[in-house]
Structure formats: C-alpha cells, structure tokens
Amino acid sequence: MIDFELTPEQKEAIRIAHEFVEELFRPISRYYDEHEHESPQELIDRAWAERNKNTLALGLDVTASLRIEELCWGDAGLFLCVPGPGLGGAAIFASGTKEQMQRFLGSFNEGEPKWGAMAMTEPGCGSDTSAISATAVHDGAEWVLNGEKIFVTWGKRAAENPGGLVVVWATVDKSAGRAGMKSFVVPAGTPGMRMEKLEKKLGIRASDTATLIFDNCRIPFENILGNPEVKKVDKSQTKGFKGAMATFDATRPIVAAMAIGVGRAALDFVKETLEKEGITIRYGVPKQKLTALERDVIEMEANYKAAKLLTLRSLWMMGQLQPNNLEASMAKAKAGLAVTKITQKAVEIMGPLGYSRKYLLEKWMRDAKINDIFEGTGQINMLIVARRVLDYSRDQLK
Amino acid sequence: MISFSPTEEQQMIVSMAKQFANDEMRKIYRQCDENGEIPDSVIDTVWKMGLTSSSIPEEYGGPGGEHSAITGSLIAEELAWGDLSITMHILCPALFAYPVLEMGAETQKKKYLPLFCDEKYKAATAALIEPRFGFDPYSLSTTARPDGDGYVLNGEKCYVPLAAEADLLLVYAAENGSSQGFIIEKGTKGLEIGEQEKNMGIRALATYEISLKNCRIPKENRLGGEKGCDFNRIMNCSRVALSAMATGLAKAAFEYSRDYAKERVAFGEPIASRQAIAFMLAEMAIEIDATRLMTWEAAWKLDRKGEATKEASLVKAYADDMVMMVTDRAVQILGGHGYVREHPVELWLRNGRGFVTFDGMAIV
C-alpha cells in the first residue's frame with residue numbers, strides 16, 4: 001500500500017536528532033566553519049557517548065535517511081565529524097563477507113571514537129574510478145599497497161585514530177581494466193599509510209578531507225573485499241568494479257538525504273524570516289496572483305519535496321531488496337542540484353541577511369554545493385540515469 | 001510506514017487501464033484529435049469497466065468500493081498516457097459524481113448517484129473556469145443569490161466539458177463571496193449552452209461556454225445542502241487528478257522521444273548516444289518520477305481526509321512546469337519530425353500546455 005506515514009519510531013528518531021543538533025550543532029556551526037581543521041572534540045565525545053542510545057544510528061534505510069536529513073539540517077560539516085564506520089563501513093557492508101563484517105566492524109562500537117573512510121579518488125582520476133592507478137601486489141600472506149588518494153572524507157580521523165579503517169581502491173592488474181580493481185581494508189595506524197594534508201574547502205569545513213599516501217603499506221591477504229581473482233577472459237566479469245558501484249547505490253541516497261537536510265535548513269530560515277516580517281506564502285492561489293517571492297519559495301519547496309521523495313523511494317527499494325541503481329542516481333542527481341539552487345536562491349531572497357556571516361545561510365549555500373559533487377557529480381549521476389533509461393552500456397553512451 | 005508499492009487490487013486496476021490505453025486509445029487518438037470527436041463505442045467500452053461507479057456505495061446502486069485518491073491517480077496516469085482528451089471525456093462524469101459522493105446531502109446522493117451505476121455512459125459535468133484574465137476559483141464572477149426557496153445564478157463559464165450532452169451540471173458560483181457548488185439539470189431555464197470551443201489542444205474533448213442568465217434552481221440543489229461543500233477539497237482533488245494526468249502524458253512523450261533517439265542515426269550513431277540528447281532524457285525521467293511521487297503523497301493526504309492544500313498545490317505547480325519541459329523536449333529531440341503531425345509529440349505538447357488552465361476539469 002502506498003503510504004507516507006512515518007512510524008512512531010521514525011518520528012521519535014527525527015525528534016531526537018533535531019534536539020541533538022539544536023543543542024550541539026547549531027551553536028558551534030559558525031565557529032568550526034571559521035576554524036577549519038580544528039576538531040570539535042566536545043561534540044565528538046558527546047556523539048560517541050550517545051552512540052548506543054540510537055540518537056545517531058546510521059544505517060542504510062528510510063529511518064537513517066530521515067535522521068541524516070535532520071542532522072544535516074543542523075550542520076552537514078559537523079555531521080561528517082560524528083564517529084562511525086561511515087563510507088568505509090558501507091563498502092564493507094556492500095561487498096564484504098560475514099567474517100569480514102565481524103572482524104572489521106564487530107567491535108567498532110567499543111572503546112574510543114572511531115571512523116571509517118573510503119579512499120577512491122586520486123590526483124589523476126575522479127569520477128572515472130576505473131582509471132585508478134594505486135596498486136596492490138600480492139606478496140605471500142599480504143597485499144602491498146602503493147599510491148596516493150585524495151579527497152578522502154574522514155581521511156585523517158579514520159587513518160590516525162586507533163580502531164578506525166580506510167577502504168582503499170587499488171588495481172591488482174592494470175592490464176585487466178575494471179576487473180582488476182579491488183578494494184582493501186587498511187586498519188588505522190598501519191605502517192606505510194600516512195596522512196599527507198588536509199584540504200581547505202568552500203564548505204563543510206568541519207569535515208576532514210585528507211590526502212592519504214600509501215607507501216609499501218602491507219595488510220593481511222584476508223583484507224581484500226570480494227573475490228581476489230581477476231577474470232580477464234570474460235569481459236562481463238567486472239565484479240571488483242561492481243562492488244564499488246554497489247556501494248554507491250547504497251551511499252548515494254545517503255548523500256541525497258544530507259543534501260535535503262541542508263536545503264531544508266535554508267528553506268526554514270527563509271520562511272521564519274518572512275513570517276517575522278508578516279509575509280505568508282499563499283498556497284493554492286492562481287499563479288498570476290502570486291508575488292515573485294511566493295513563486296520562488298513555492299518552487300524551492302516543491303524541489304525540496306521532489307528530492308526528498310526520490311531519496312526515500314531509493315532507500316525504501318533497498319530495504320525491499322530491489323535493485324535501486326537507477327533510483328539512487330535519480331535521487332542523488334536531483335537532490336544535489338535542487339539544494340544547490342534552493343540555497344543559492346535563499347541567499348538571493350534574504351539579501352543582506354543571506355550574504356552576511358552573522359547568519360548561517362551563506363554557510364549552508366557553501367555546504368550544499370558538495371552534495372552535487374561527492375559520491376558522483378550531478379553529471380555522472382545524470383549519465384548513469386541516462387544509460388539506465390536508454391538501456392545503454394558505457395560504450396554506447398560515453 | 002513509508003511504502004511506494006500499490007496494493008494488489010490497485011495493480012490490477014492499473015493494468016486494466018494500461019491495457020485499454022494501449023489497445024484502444026492509442027489506436028484512435030490522432031484521428032480523434034483531427035476530427036475533434038471521440039467515437040461513442042470507445043467511451044461505452046471503458047464505461048463498462050466501472051472506473052467512475054466503482055466507489056459508489058451499494059445503497060446507491062454501486063459496487064461499494066473504497067473511494068481513493070491514490071487509486072484515482074494511478075488510473076488517471078495510465079489513461080492519460082493513452083490520450084488526454086479521451087481520458088478527460090471518460091472521467092468527466094466524475095466531475096459531478098465524486099463531489100456528490102463525498103459532500104452531497106443524503107437526498108442528493110439518493111437522487112443522483114444511482115444514475116452513474118448504469119450500463120450506459122452517463123454524461124454529467126462541472127463548470128468552474130470563467131472566460132476572463134485573472135480567473136481565480138476562490139473569487140468567482142458567477143454568482144448564486146438566495147431568492148425565496150431557491151437560488152438565482154448569473155455568469156459565464158468556459159471549458160465545460162460535454163456541456164451539450166450532459167444531463168447534469170455542477171456549477172460553481174460565488175455565494176456571498178465563497179465558492180459553492182450548484183446542481184443544474186439540463187433544460188433549466190436560463191442555462192444556455194454556447195458553441196463548442198476551439199482550443200489549441202485537447203481537441204477531441206468537446207468543451208463549451210455556458211451562460212447563466214437568471215437561472216433559478218431549487219434550494220435543495222446546493223451541493224451538500226445547507227452545509228454546503230468543502231470547495232477547497234474539491235480543488236485539491238482536481239489538482240491531484242491533473243498532476244497524475246500530466247505525469248502520464250509526460251511519460252508518453254518521454255518514451256516516444258527516447259525510442260526515437262535510439263533509432264535515429266546521425267553522424268554514424270544513434271542521437272541517444274550523445275550526451276546532449278541523453279541528458280535531456282535523463283532529466284525528463286527524473287522529473288516524471290518526482291512528480292508521480294509528489295502526486296501520490298498529496299493523494300495520500302486526501303485519502304486521510306487531511307488538509308492537503310500545500311501538497312496538492314505544490315505538486316500541481318510542479319507538474320505544470322514538468323509536463324511542459326518534457327513535451328517540449330520530446331518535440332525538440334525529434335527535431336523537424338517532432339513538428340509534423342505524423343508523430344504524436346506535437347499533440348502532446350499542445351495538450352501539455354493546457355494543464356495550467358485546466359482547473360477543475362478533472363477530479364479524483
């Protein structure tokens with residue numbers, strides 16, 4: 001049955017997350033935006049202390065999406081400081097064995113705060129992840145990793161804090177193309193893995209975006225995710241690459257959920273400000289009678305809703321164990337672009353209030369933009385949607 | 001709990017509507033558009049499927065199914081994929097029947113609902129739109145003035161589908177400034193049906209101007225009796241129905257232009273393998289899905305009898321823009337071929353342009 005009613009648990013999850021960010025994110029939002037690379041230690045400790053209270057539990061389902069929207073309504077940069085298995089965990093869930101999940105994530109919740117990261121992008125390759133040049137060489141009971149990874153979200157925290165992990169994508173056989181691309185779990189503190197630098201960014205400044213260097217970094221053979229064999233003969237056997245893509249089907253809706261959280265923060269600010277000025281948005285009034293301002297706000301709200309429903313659908317499908325590759329990319333493409341436009345329009349509408357660093361709106365505009373870039377740019381996601389609706393391979397539509 | 005899966009019963013009705021749209025509507029829609037009329041036989045065939053009567057309770061002669069805006073939206077989308085004119089014709093009696101079913105006084109239900117449970121198509125309609133710039137459903141120029149034991153109606157209406165053949169008209173008019181519905185039976189003195197209108201699109205749907213000149217009706221013909229009707233809810237039901245139809249029509253244009261783009265070869269490969277074309281199609285697909293989901297959400301609100309004005313008007317505004325974007329691009333993708341009447345996309349563009357005007361011309 002088509003239904004949009006939230007369960008009592010979901011309503012509660014939203015309420016708790018909302019209170020959490022109102023108390024802990026919003027008051028420090030501006031500070032950590034202006035003090036890039038400083039760690040919000042109090043917040044991390046508090047988030048870690050509450051990890052078992054289900055305040056911040058982040059899965060890959062509808063409830064998680066609702067919670068993430070709320071947390072990013074608070075602050076998307078600070079959200080990305082919250083300890084947890086993160087994208088590294090998502091990769092392990094998507095293509096690891098039960099034993100690996102147990103080994104890498106089983107005790108993730110214990111002891112000190114931990115982070116999981118995924119290292120894919122390199123200086124010479126971004127969205128074309130099949131062009132990865134980092135290498136993994138099989139040597140006895142170990143893999144030896146070499147290469148440079150950039151733009152690793154959580155990179156510093158995951159690589160340096162004990163108990164953390166980084167999932168690294170590397171090729172075991174360059175001549176095999178995509179089939180040679182595999183992912184490897186590198187535990188924090190492994191010799192040969194080091195954090196080279198932290199990026200200075202347009203937005204989400206509280207989030208650490210790091211360059212990681214792998215220099216003869218040795219890890220146990222069992223740390224490979226998926227099948228270690230390279231099947232060169234059959235071109236359709238590109239399971240390693242598909243592992244990466246399956247991860248994206250799970251993480252793209254999550255990024256979409258983050259996006260709509262930022263978008264709603266901007267929308268709420270606009271509506272609250274208008275309300276204070278005694279301006280109400282009239283719904284159900286003929287278009288020719290609406291003011292330009294009302295048209296703008298209605299368009300922003302409709303786009304927020306469109307992005308949100310596409311996001312919920314893609315996560316609901318995942319919960320139903322239905323393939324959601326198309327729907328995940330639809331949600332990500334729509335949400336990234338929608339909130340980019342919503343936040344930019346909000347700054348425009350609010351005039352001096354929008355442009356001033358006295359308020360958070362200009363920051364949300366900067367924060368929003370990353371959602372149209374990471375986990376596949378808007379254009380890459382459009383390409384995926386186009387291939388799917390046309391039933392075209394990557395060779396038929398480049 | 002959030003779910004995007006129609007019930008089994010809904011899936012059954014949807015596949016029935018889909019089959020009819022594909023087997024019947026798609027065969028004749030061009031001819032209907034050119035001739036400006038729809039063969040009665042097609043209307044009779046679909047009427048027998050009972051789409052309008054299915055939710056009329058047994059006590060009024062219907063099968064007593066649940067009345068659901070979600071189900072109505074699912075059906076409307078499938079039919080509109082087939083053809084918009086024929087869809088609006090088929091669903092036209094609902095413009096009268098559904099408001100009576102939902103808000104009518106007991107005597108009105110008893111009197112009128114059984115008429116829609118007949119084997120034979122029952123033409124009935126509603127008149128809302130007025131022929132002037134700045135038309136606003138909440139501020140009608142047509143007036144209903146209480147006078148003794150009845151009402152006297154005066155004003156002009158346009159875009160009244162099937163007005164000439166309809167036995168029953170539900171006319172919306174301002175009573176002390178607020179919009180209310182009034183039932184006018186065919187032949188009532190003061191009701192004049194004008195010439196059939198000539199429109200840019202929906203050319204197969206017969207629409208008329210009507211004028212009301214001191215048209216006197218009995219008091220009991222006020223929709224909902226003394227209580228009146230929830231006009232805003234009627235508008236929301238209309239917004240949802242039109243959004244669903246816009247989704248179906250856009251889907252038709254998307255599919256056609258997608259298939260064309262895969263067939264049409266330029267510079268040695270199908271034009272679909274160029275990003276300029278492929279990205280247009282991707283965006284069309286995304287916006288169609290987004291509009292459908294927003295339609296469902298608004299319909300869901302209506303089914304829970306909640307206040308749905310925000311959701312319904314947001315999706316309607318969104319759908320109006322979406323259907324223009326999609327149908328215009330469909331024409332663009334076909335290039336010169338899109339402009340000629342050998343292909344359907346020009347027809348869909350003309351029909352798509354109408355949604356922003358079609359207030360109150362469909363209902364779930």
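What follows is a series of questions and answers on a predicted model, going from the chains to their contact and then to single residues.

Student: How many helices and strands are there in chain A, and what radius of gyration does chain A have?

Tutor: Chain A holds 14 helices and eight strands, and its C-alpha trace spans about 75 × 50 × 40 Å along the principal axes. Of the contacts in chain A with a separation of 6 or more, 78% join residues 24 or more positions apart. Because a compact globule of 398 residues would have a radius of gyration near 21 Å, chain A agrees with that expectation, its own value being 21 Å.

Student: What share of the residues of chain B count as buried?

Tutor: Chain B has eleven helices and nine strands, and its C-alpha atoms fill a box of roughly 80 × 45 × 40 Å along the principal axes. Its radius of gyration of 21 Å agrees with the value near 21 Å for a compact globule of 364 residues, and residues 24 or more positions apart supply 75% of its contacts with a separation of 6 or more. Of its 364 residues, the share that count as buried is 57%.

Student: Which element gives the most residues to the side of chain A that touches chain B?

Tutor: The contact brings 35 residues of chain A together with 36 residues of chain B. On the side of chain A, the elements that give two or more residues are H10, H11 (325–350) and H14 (378–390), and the residues of that side divide into 23 nonpolar, four polar and eight charged. With ten residues, the element that gives the most is H10(A).

Student: How are H10(A) and H8(B) oriented to each other?

Tutor: Two packed helices are described by the angle between their axes and the distance between the axes. Here the axes of H10 (residues 292–319) of chain A and H8 (residues 275–303) of chain B come within 9 Å and cross at roughly 90°. That angle lies in the range of 65 to 115 degrees, so the relation of H10(A) to H8(B) is roughly perpendicular.

Student: Which residues meet in the contact of H10(A) with H8(B), and how many of them are charged?

Tutor: From H10(A) come A:Lys305, A:Ala306, A:Leu309, A:Leu310 and A:Arg313, and these meet B:Asp289, B:Ala290, B:Leu293, B:Met294 and B:Glu297 of H8(B).

Student: How many residues of H4(B) are buried?

Tutor: Helix H4 of chain B covers residues 84–91 and is mostly covered. B:Leu84, one of its buried residues, is in contact with B:Leu249, which is among the residues with the most contacts inside the largest nonpolar core, a core of 253 residues. B:Met88, also one of the buried residues of H4(B), is touched by B:Met361. The number of buried residues in H4(B) is eight of eight.

Student: Why does B:Met361 count as buried?

Tutor: B:Met361 lies in the segment after H11 (345–353) of chain B, and besides B:Met88 it touches B:Tyr159 and B:Pro161, not counting residues up to four places away in sequence. A residue is buried if 20 or more other C-beta atoms lie within 10 Å of its own, and B:Met361 counts as buried because its C-beta neighbours inside 10 Å number 27.

Student: A:Glu375 and B:Phe267 have a positive phi; which of them is exposed?

Tutor: Most residues other than glycine have a negative phi. A:Glu375, with phi near 55°, is found in the loop between H13 (361–369) and H14 of chain A and counts as buried, with 25 C-beta neighbours inside 10 Å. The other residue has phi near 50° and is found in the loop between E8 (265–266) and E9 (269–270) of chain B; with 6 other C-beta atoms within 10 Å, the exposed residue is B:Phe267.

Terms used: Residues numbered from 1 in each chain as written. Chains lettered and ligands numbered in written order. Predicted model: local features only at pLDDT ≥ 70, side-chain atom pairs only at ≥ 80, totals over all residues. Buried ≥ 20, exposed ≤ 12 C-beta atoms within 10 Å, placed from the backbone. Helix = DSSP H or I, 4+ residues; strand = E, 2+ residues; numbered from the N terminus. Core = buried A, V, L, I, M, F, W, Y, C linked by C-beta atoms within 7 Å. Contact = placed C-beta atoms within 7 Å. Rg over C-alpha atoms; globule rule 2.2 N^0.38 Å. Axes fitted to C-alpha atoms, helices over the stretch in contact; angles between N-to-C directions. Parallel < 35°, antiparallel > 145°, perpendicular 65-115°, else oblique. Nonpolar A, V, L, I, M, F, W, Y, C, P; charged D, E, K, R; others polar.
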